[in-house]
Amino acid sequence: MVYNLIMIICTENDKDFYKFKDKVNNRKVIFTIKQIFKDWWNKFLVTYPNLNIRDVVFLNVERMLKCKTWDLGFALFSCPICHKEKIVPHTCKSRMCSSCGNKYNKQRETSIFSKLFKYKHRHVVFTIAEELRPFFRKDRKRFQYLFDASSITIKYWVKEKYKKYDITPAFISILHTFGRNLCFNPHIHMILLDGGISNKNKDFIKIDFFSYPSFRKRFMKVLLDMLENDIGKNEFRKLKNQIYLNHKEGFYVFAPPSKFKSYTELIKYVCRYVARPVMAESRIIDYYGTFVTFWYQRHNDNLIIIEKVHAFEFISRLIIHIPDKNFKQIRFYGSYHNSTKITIDIAKFLSKEKVNVMKSLNSWKSMITLSFSINPPGQNNELKTR
């Protein structure tokens with residue numbers, strides 16, 4: 001936290017909530033993240049010159065502020081029939097741009113969906129103790145431990161329970177670094193297949209049950225051991241013992257009751273903030289120069305919370321979630337990994353033909369046509385790019 005003025009105005013149960021109810025329900029974008037940064041980014045840097053801000057943050061914010069401006073260049077299109085010309089400024093493609101991120105997210109959604117076997121999957125979430133969060137914020141390379149620990153947990157359990165089949169499980173892990181109030185809270189979302197491929201007879205083996213109590217304890221042990229090896233026994237052992245005392249049942253690993261009507265909705269949910277700010281702009285319900293008011297739904301009781309923070313605090317909460325350059329927030333494991341050669345014919349949700357169609361719909365021209373019912377000039381008509 002940078003700016004200490006934070007105020008929770010009300011919850012859904014309070015009488016003052018009616019003032020914001022319509023804005024919450026309408027889900028319209030009234031205020032943009034770009035405008036808030038445009039107003040306050042330079043002032044933020046001047047006010048807090050000693051903050052340790054990563055280079056990737058400067059890169060993404062500066063590109064976002066220049067998105068669709070002449071600073072990033074432009075393309076000039078001309079119609080070969082009527083000879084009308086159209087200038088299209090280049091986009092920024094940064095991790096802080098709500099507009100550019102939507103296209104990348106759709107591409108990731110298509111990539112994940114194209115790999116899924118046409119069989120039942122479950123949504124599993126691996127969380128960590130709050131005391132561990134500072135270690136991951138201090139050194140972001142430790143995010144790898146979250147992927148590794150959750151992967152080891154699944155593979156170990158499947159190996160022990162299905163020894164005679166020698167099963168290779170299939171799952172996809174997505175890292176989220178944020179909670180609903182935008183604070184730093186790294187955790188893993190996993191799309192886990194209810195089954196796997198037998199390495200003995202190459203058959204598909206159905207798995208009806210996963211032991212979440214076993215997952216919790218195994219995940220905690222593996223993760224704490226990794227952190228201890230990294231940080232050192234002298235610095236970490238005391239905290240490690242205290243965490244074991246405070247979390248006797250292990251870290252919270254759970255599969256929430258499915259609220260998704262389809263796997264498409266699930267994939268869209270876990271990928272929605274992979275390449276864009278970790279907050280939908282429709283959740284910003286008030287901003288008039290200094291303070292930002294936004295809402296979120298609290299996890300423990302599902303109440304809607306209205307929170308008001310200074311623009312500096314809002315900026316600080318967003319920039320901590322910008323991933324490092326080339327960091328992959330989506331990882332494929334087991335039978336879904338590219339290195340795994342599946343020799344049996346397993347039906348997938350999408351055929352190759354449908355995948356190709358979906359990929360074509362992610363092109364700039366198709367997305368403009370679908371979103372705005374406008375047929376933009378094609379790449380073949382481009383005259384000049386600067």
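1. The loop between β5 and β6. Leucine 182 is placed in the loop between β5 and β6. In this predicted model, leucine 182 has a positive phi of about 80°, although the residue is not a glycine. Leucine 182 is also buried, since its relative accessible area is 0%, and a value under 20% counts as buried.

2. The loop between α10 and β12. A positive phi is found for asparagine 326 as well, at about 70°, and asparagine 326 is not a glycine either. This residue sits in the loop between α10 and β12, the latter spanning residues 330-334. Is asparagine 326 buried or exposed? Asparagine 326 counts as exposed, because its relative accessibility is 68% and the cut-off for exposed is over 50%.

3. The chain as a whole. The protein chain contains twelve helices and 13 strands. It has 386 residues, of which 47% count as buried. When contacts between residues at least 6 apart in sequence are considered, 73% of them join residues at least 24 apart.

4. The largest nonpolar core. This core has 43 residues, and those with the most contacts inside it are Leu132, Phe136, Leu146, Phe219, Leu223 and Phe251. Two or more residues come from each of the strands β4 (121-126), β5 (167-178) and β6 (184-198), and from each of the helices α5 (133-138), α6 (143-161), α7 and α8. Which of these elements gives the most to the core? The answer is α7, with ten residues.

5. Once its neighbours within four places in sequence are set aside, leucine 146 is in contact with Ile128, Phe136, Leu175, Pro186, Ile188, Phe219 and Leu223.

6. A salt bridge within helix α7. The structure holds 13 salt bridges. In one of them, lysine 221 pairs with aspartate 225, and the closest N and O atoms are 2.8 Å apart. Both residues belong to helix α7 (residues 212-231), and because they are four residues apart, about one helical turn separates them. Lysine 221 is partly exposed, with a relative accessible area of 40%. Aspartate 225 likewise counts as partly exposed, at 24% relative accessibility.

7. Lysine 240 forms a salt bridge with glutamate 228, with 3.1 Å between the closest N and O atoms. Lysine 240 lies in helix α8 (residues 233-246) and glutamate 228 in helix α7, so the pair ties together parts that are twelve residues apart in sequence. Are these two partners buried or exposed? Lysine 240 counts as buried, at 8% relative accessibility, and glutamate 228 is buried too, at 7%.

8. The side chains of glutamate 313 and arginine 317 meet in a salt bridge, with an N to O distance of 2.8 Å. Both residues lie in helix α10 (residues 311-319), four residues apart, which is about one turn of the helix. Glutamate 313 and arginine 317 are both buried.

9. The largest cavity. How many cavities of 30 Å³ or more are there? The count comes to two. The largest has a volume of about 80 Å³. It is lined by 15 residues, of which Arg276, Val278, His321, Ile322 and Pro323 are the closest to its centre. By class, this lining has ten nonpolar, three polar and two charged residues.

10. The second largest cavity. About 70 Å³ of space lies in the second largest cavity. Its lining consists of Arg140, Phe143, Leu175, Thr177, His321, Ile322, Pro323, Asp324, Phe327 and Gln329. By class, five of these residues are nonpolar, three polar and two charged.

Conventions. Residues are numbered from 1 along each chain as its sequence is written. Side-chain values use heavy atoms; hydrogens and water are left out. On a 1 Å grid over the protein atoms alone, a cavity is a set of points where a 1.4 Å probe fits but cannot get out, and a pocket is an open set with protein on both sides within 12 Å along at least five of seven lines; lining residues have an atom within 4 Å of a point. Grid points are joined across faces, edges and corners, and a volume is the space filled by probe spheres set on the points. Ala, Val, Leu, Ile, Met, Phe, Trp, Tyr, Cys and Pro count as nonpolar, Asp, Glu, Lys and Arg as charged, and the others, Gly among them, as polar. A salt bridge is a side-chain nitrogen of Lys or Arg within 4 Å of a carboxyl oxygen of Asp or Glu. Buried means under 20% relative accessible area, exposed over 50%, partly exposed in between (1.4 Å probe, protein chains only). A nonpolar core is a set of buried Ala, Val, Leu, Ile, Met, Phe, Trp, Tyr and Cys residues joined through side-chain atoms within 4.5 Å. Contact means heavy atoms within 4.5 Å.
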